[in-house]
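Please look through the model below with its helix packing in mind.

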Amino acid sequence: MLTYPEKFRPVTDRMKREVVEDLPELMDVRDEKLRNLAIEGWALAISGSSFGRISEIPGDGNPGIMVLKRGTQDIHLRGVARIAVQMVDHFAEFFPEADIDRDVVLAGALCHDIGKAWECDPVNQKRWHDDPTKVGKPSLRHPVYGAHICLMAGLPEEIAHIAVAHSPEGDTVKRSLECIVVHQADVAWWTIAAVGGLIVEDTFIPSMTRHFLPRPNRNESRRAAE
Ligand SMILES: [Fe+2]
């Protein structure tokens, strides 16, 4: 029987250092234990993949779908984390009675696509493409594998919930408030990227883009004017 990953590479200090280099916002997670577990979680995800670091993961929403014209997965994760934290800080300033856990939102946003180390892995993609009848295509989408990695790494249930339910998988459950914030930030990020001309058009998800026409981005407008 074929299984993958056959084994996880050992998690090294270098891997953890590169996780923080790629996602510097991790250092803003105030709870030290949560911060270290998020770093461990990403290092574990990378160690079970053929990627060397997060910034090697393509910037796709799903493999081949919502494909960024430029930029890798780290930029998406950082963007979602920054947008999500801004939402929390807004409510904390004007409605401090709203009980939203900023650390869970930040760590959850930075880990929400942790399973893309699996779903976007070219080794997995090739296996699933070569024989889609064997284990499915994909066998596990990134939200499901992401929740698995979170729990394996010892991250709290709140973060695993954000990993599994930030996406349409979450439509089958009641999302937590922190998951709602990350989900909305994620949808906002992809929608603005699509309408702003940053996504390859024939990879659009109709549900996210049918109400908009993309505006050419500045690089394209400049080229067209030359
Ligand atoms: Fe995402």
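Which residues in H4 meet which residues in H10? Val-104, Val-105, Gly-108 and Ala-109 in H4 meet Glu-178, Cys-179, Val-181, Val-182 and Ala-185 in H10, a contact being two C-beta atoms, placed from the backbone, within 7 Å. The residues of this contact divide into 7 nonpolar, 1 polar and 1 charged; Ala, Val, Leu, Ile, Met, Phe, Trp, Tyr, Cys and Pro count as nonpolar, Asp, Glu, Lys and Arg as charged, and the others, Gly among them, as polar.

This is a predicted model, in which local features need pLDDT of at least 70 and side-chain atom pairs count only at pLDDT 80 or more, while totals for chains, interfaces and linings use all residues. Residues are numbered from 1 along each chain as its sequence is written. Helices are DSSP runs (H or I, at least four residues), numbered from the N terminus.

H4 and H10 (residues 177-195) pack at an angle of about 45°, with their axes 9 Å apart. Axes are lines fitted to C-alpha atoms over the stretch in contact, and angles run from 0 to 180 degrees between N-to-C directions. That angle makes H4 oblique to H10; angles under 35 degrees count as roughly parallel, over 145 as roughly antiparallel, 65 to 115 as roughly perpendicular and the rest as oblique.

H4 is mostly covered, with 8 of its 10 residues buried. A residue is buried if 20 or more other C-beta atoms lie within 10 Å of its own, exposed if 12 or fewer, and partly exposed in between. The cover over the buried residues of H4 includes H2, H3 (73-94), H8, H9 and H10.

One of the buried residues of H4 is Cys-111. Leaving aside neighbours within four places in sequence, Cys-111 is in contact with Ala-38, Gly-41, Trp-42, Cys-150, Leu-155, Ile-159 and Ala-163. Of the 57 residues in the largest nonpolar core, those that touch the most other members include Cys-111, Ala-38, Trp-42 and Cys-150. H2 gives the most to this core, with 9 residues. Such a core is a set of buried Ala, Val, Leu, Ile, Met, Phe, Trp, Tyr and Cys residues joined through C-beta atoms within 7 Å.

Cys-150 is among the buried residues of H8 (residues 142-152), and those buried residues pack against H2, H4, H5 and H9. H8 is followed by Gly-154, whose phi is positive, near 85°. Pro-156 sits in the loop between H8 and H9 and counts as partly exposed because it has 16 C-beta neighbours inside 10 Å.

Key. Helix = DSSP H or I, 4+ residues; strand = E, 2+ residues; numbered from the N terminus.
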